[in-house]
Amino acid sequence: MVTQVRPPRRSVQIGALVPLSRPGWVEAGQHLLAGLELAVREVNDGGGVVGRPVELVVRDTAADPQRAAAAVDELARLGVAALAGEYHSVVARAAAARADALGLPFLCSSAVLDALTEQPTEWVARLSPPQSRGWQVYADFLLGAGHSRIAVAAQPSVYWASGTRILRDHLAPRGGTVVELDMSALTPAAVCDELVDRRATALLLLVGHPEPAVPIVRSVRRDRRLAEIMIGAPAGQPEFAEWAMLLGGDGAGVPFLRYLPERLTPLGARVETALRERLDGAPSFVAFEGYDTVAVLADVLRSHGADRARTAESWPRVEVEGTRGQIQFSRTPGISVWQWAGPPIQVVDRDHANLDRFRVLHAG
């Protein structure tokens with residue numbers, strides 16, 4: 001008797017764009033990947049998608065837009081059903097442009113730049129809030145904390161320039177001023193002199209991590225003239241453990257944006273436990289964004305199969321319980337992609353008394 005061996009079930013592939021090497025923000029990439037991988041494992045434990053296992057095909061973008069665009073081309077040729085991931089906004093913008101051109105659905109996990117594509121597209125959706133919404137919440141926090149003379153230490157970048165513009169446009173009608181300090185021309189010590197001269201009460205770090213963010217913080221913290229100044233980091237540099245490891249107590253009390261609710265959903269609480277084990281530490285909001293990305297894509301693929309066009313057509317019909325709330329996509333004025341309109345936004349900092357504890361200072 002001849003035993004008939006069934007061929008292995010062909011997987012449904014999802015391409016994942018993740019920064020896993022420098023100059024990318026590696027720790028953010030590791031958290032994003034942990035969330036993506038955990039969700040894929042749970043989807044497959046539950047029977048996969050239409051009886052087929054889901055496979056994550058990971059590509060390291062290293063914060064390089066050209067490398068990301070090339071990865072999208074490669075993943076499209078490999079036949080992935082959809083794209084997921086990416087943390088860096090400028091990189092996600094390059095990936096979104098290629099995905100749009102190729103007709104490949106892309107669910108962006110973490111990048112916030114408003115103009116993710118030049119023109120409105122049906123192919124791209126996003127879980128993270130647009131930069132304009134999050135940074136306006138941050139500007140309201142600054143005003144509420146009594147800060148109206150704001151200095152930004154900024155590096156040249158579309159993302160940082162956009163952030164500066166959002167802050168200035170939101171603060172100016174409310175009596176606030178924003179002074180830009182060009183970090184391509186200033187040393188950390190020179191930043192301190194500028195802060196004194198400009199009589200700023202808050203300094204925002206619109207720069208890369210760990211360089212030059214860490215040296216700037218150290219320099220300001222050690223300058224007695226600036227004992228009362230608040231250091232802030234709207235882009236979220238203090239979220240990850242490396243910040244506390246490098247700066248110790250100097251890294252406490254630096255408010256940043258985090259996209260978590262006051263309470264996780266029951267799913268979120270369970271996922272948090274699993275992510276802690278996988279990461280050997282507290283998961284960041286980026287890890288939850290990764291998990292939610294696969295949860296949404298798996299739901300869409302179960303309903304409509306691995307057909308790319310049908311996946312893209314399904315964005316406005318998505319209703320998925322995520323780790324941080326009910327996920328639905330809509331069109332938002334000024335945003336060119338399908339947008340989750342309800343992601344939670346908090347301003348938090350690390351507690352001086354316990355660097356591993358985060359204090360919620362403001363919610364929007």
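1. Welcome to this structure. The protein chain carries 11 helices and 16 strands. Please keep in mind that this is a predicted model, as you look around.

2. A word on overall dimensions. Along the principal axes, the C-alpha atoms of the protein chain occupy a box of roughly 85 × 40 × 30 Å. The radius of gyration is 21 Å, which agrees with the value near 21 Å that a compact globule of 364 residues would have.

3. Next, the surface and the contacts. Of the 364 residues in the protein chain, 56% are buried. The accessible surface comes to about 15300 Å², and carbon and sulfur atoms account for 49% of that area. Among contacts with a separation of 6 or more, 69% link residues 24 or more positions apart.

4. The largest nonpolar core holds 74 residues, and the members that touch the most others are Trp 135, Leu 204 and Phe 329. Helix 10 (residues 285-304) gives the most to this core, with 12 residues. Apart from this core lies another, of 23 residues, including Ala 153, Cys 192, Ala 200 and Leu 247.

5. Setting aside its neighbours within four places in sequence, Phe 329 is in contact with several aromatic residues, Trp 315, Trp 338 and Trp 340 among them. Its other contacts include Leu 107, Leu 127, Val 296 and Val 318, along with Arg 126 and Gln 339.

6. Leu 204, another of the residues touching the most other core members, sits in strand 8, where it points the same way as Ala 202 and Leu 206. Leu 203 and Leu 205 point the other way from strand 8, and all five of these residues are buried. In a regular strand, side chains alternate between the two faces of the sheet. Because 5 of the 5 residues of strand 8 (residues 202-206) are buried, the strand is largely enclosed by the rest of the structure.

7. What are the partners of strand 8? Strand 6 (residues 149-154) pairs with strand 8 in the parallel sense over 5 bridges, and Ala 151 stands opposite Leu 203. Strand 9 (residues 230-232) also runs parallel to strand 8, joined to it by 3 bridges. Here Gly 232 of strand 9 is the bridge partner of Leu 204.

8. Finally, follow the chain onward from strand 8. Together with helix 7 (residues 213-221) and strand 9, strand 8 makes a β-α-β unit, and this unit is right-handed.

Notes: Residues are numbered from 1 along each chain as its sequence is written. This is a predicted model: local features need pLDDT of at least 70, side-chain atom pairs count only at pLDDT 80 or more; totals for chains, interfaces and linings use all residues. Side-chain values use heavy atoms; hydrogens and water are left out. A nonpolar core is a set of buried Ala, Val, Leu, Ile, Met, Phe, Trp, Tyr and Cys residues joined through side-chain atoms within 4.5 Å. Buried means under 20% relative accessible area, exposed over 50%, partly exposed in between (1.4 Å probe, protein chains only). Helices (H or I, at least four residues) and strands (E, at least two) are DSSP runs, numbered from the N terminus. Contact means heavy atoms within 4.5 Å. Two strands pair if DSSP finds at least two bridges between them. A crossover is right-handed if, with the strands pointing away from the viewer, the path from the first strand over the helix to the second runs clockwise. The radius of gyration is taken over C-alpha atoms; the globule rule is 2.2 Å times the number of residues to the power 0.38. Accessible areas come from the Shrake-Rupley method with a 1.4 Å probe; for residues, only the protein chains shown count as cover.
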